[in-house]
Amino acid sequence: MRPLEVPDLVVVAARVLELDPDAALDLVDLDVAGRAVAMARCAGPPEEAAARLLRALLHHRPLATRNAEVAVVATLQFLALNGRELVIDRPEALRDLVRGLSAGSLSQRDAASWLGARIDRYRSHKEEAGVRKRISRLWGEQEPCRSPRERRSVELAREEARELGHNYVGTEHLLLGLIREAEGFAARALTHVNVDADAVRQEILTIVGRGTEPGAGSPAFTPRAKKVLALSEREARRLSTSWIGTEHLLLALIREGEGLACQILVKLGVDLAGLVDEVMWTMRGGHPPVDVLRDGLDRLFEEYEQLRDEVVRLRALLRQHGIEPDGGASRTA
């Protein structure tokens, strides 16, 4: 079982507190954090380890502010690292669990029992596809259809490619198309993070340059753009919608993560994780209140692999503080 280490906890704290990792590092009591995560190491089932971790973080309080929120997210992160997710039917029940553990009215065994009843193993893509096919056969479920706005954004992407003299449609053109389809959820979310078509177009010209191909014809999609279009269907299924909208296409661009579109967004100062949250909030009609179960938290687990480089850097920072990340203190001369 993959344990949660102190650098992982610092990364989680940075995400929850919306701080730079270096600033979060200053807020975490590293000695207390080390003792708390060490208490969670056990050879038992995931729910037992998760219960130990949650209780230890709540009782030892490695953070002076919003410790309970960080403790919950760190526990969910630990489960995600080990291929599990917590199926939360009622947020109030989770808050009651946290209050009970903090007050001592609930035991670690109580927490393990509560978590065990709600932990589910992630399905592999193959298993997920098989289940989806069986459901489709039983209920006559149809493939998600592409919305008029999504289709128009793709046509606008082709138009942008032609105007730039490019004989292909890449992720960068899809991004421009989403911005130009101004009534879509994607355009609204991108507007909220101050991304506009002119800035994106200028970055494309700087990185790729203007092409020499004639503007007629229909440019073909690149393999990466095709992948994004396929991922947009998966995003629609994941969000249980019967259509594929501009929001699903934007989420797919971010999920794919390696295209020129994402590079441009990062270059423009966009936090991709924050943009995912922005899309979700826009779809729901506004920003949710800050709470332990705010809508954006579930994105954290899917983004974890993208944060691994940050964890490596934090390990080095911890060693500079005389803390050995995997337990114990580093020896100084």
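Helices here (H or I, at least four residues) are DSSP runs, numbered from the N terminus. This is a predicted model, where local features need pLDDT of at least 70, side-chain atom pairs count only at pLDDT 80 or more, and totals for chains, interfaces and linings use all residues. Residues are numbered from 1 along each chain as its sequence is written, and side-chain values use heavy atoms, with hydrogens and water left out.

**Glu247.** I found Glu247 in helix α14 (residues 246–256). Glu247 is buried but has no salt bridge; Arg149, the nearest side chain of opposite charge, sits 7.8 Å away. Buried means under 20% relative accessible area, exposed over 50%, and partly exposed in between (1.4 Å probe, protein chains only). A salt bridge needs a side-chain nitrogen of Lys or Arg within 4 Å of a carboxyl oxygen of Asp or Glu. For charge, Lys and Arg count as positive and Asp and Glu as negative, while His and the chain ends are not counted. Leaving out residues up to four places away in sequence, Glu247 touches Phe185, Ala186, Val279 and Met283; contact means heavy atoms within 4.5 Å.

**Glu235.** I then checked Glu235, in helix α13 (residues 223–238). Is Glu235 buried or exposed? Glu235 counts as buried because its relative accessible area is 6%. With residues up to four places away again left out, Glu235 touches His248, Leu251, Ala252 and Arg255.

**Salt bridges.** I get 14 salt bridges in the structure. Arg66 pairs with Glu69, closest N and O atoms 3.0 Å apart; Arg66 is partly exposed at 32%, and Glu69 is buried at 10%. Asp96 pairs with Arg99 at 3.4 Å, and both lie in helix α6 (residues 91–103), 3 residues apart, about one turn of the helix. Glu181 and Arg152 also meet in a salt bridge, 3.0 Å from N to O. That pair links distant parts of the chain, 29 residues apart: Glu181 is in the loop between α10 and α11 (185–192), and Arg152 is in helix α9 (residues 148–163). Glu181 is buried at 7% relative accessibility, whereas Arg152 is partly exposed at 47%. I also noted one network, in which salt bridges with shared partners join Glu159, Glu160, Arg180, Asp198 and Arg201.

**Helix α4.** Last, I looked at α4 (residues 46–60), whose buried residues include Pro46, Leu53 and Leu57. Just after α4, Arg61 takes a positive phi of about 50°.

Note on methods. Helices (H or I, at least four residues) and strands (E, at least two) are DSSP runs, numbered from the N terminus. The expected span of a helix is 1.5 Å times one less than its number of residues.
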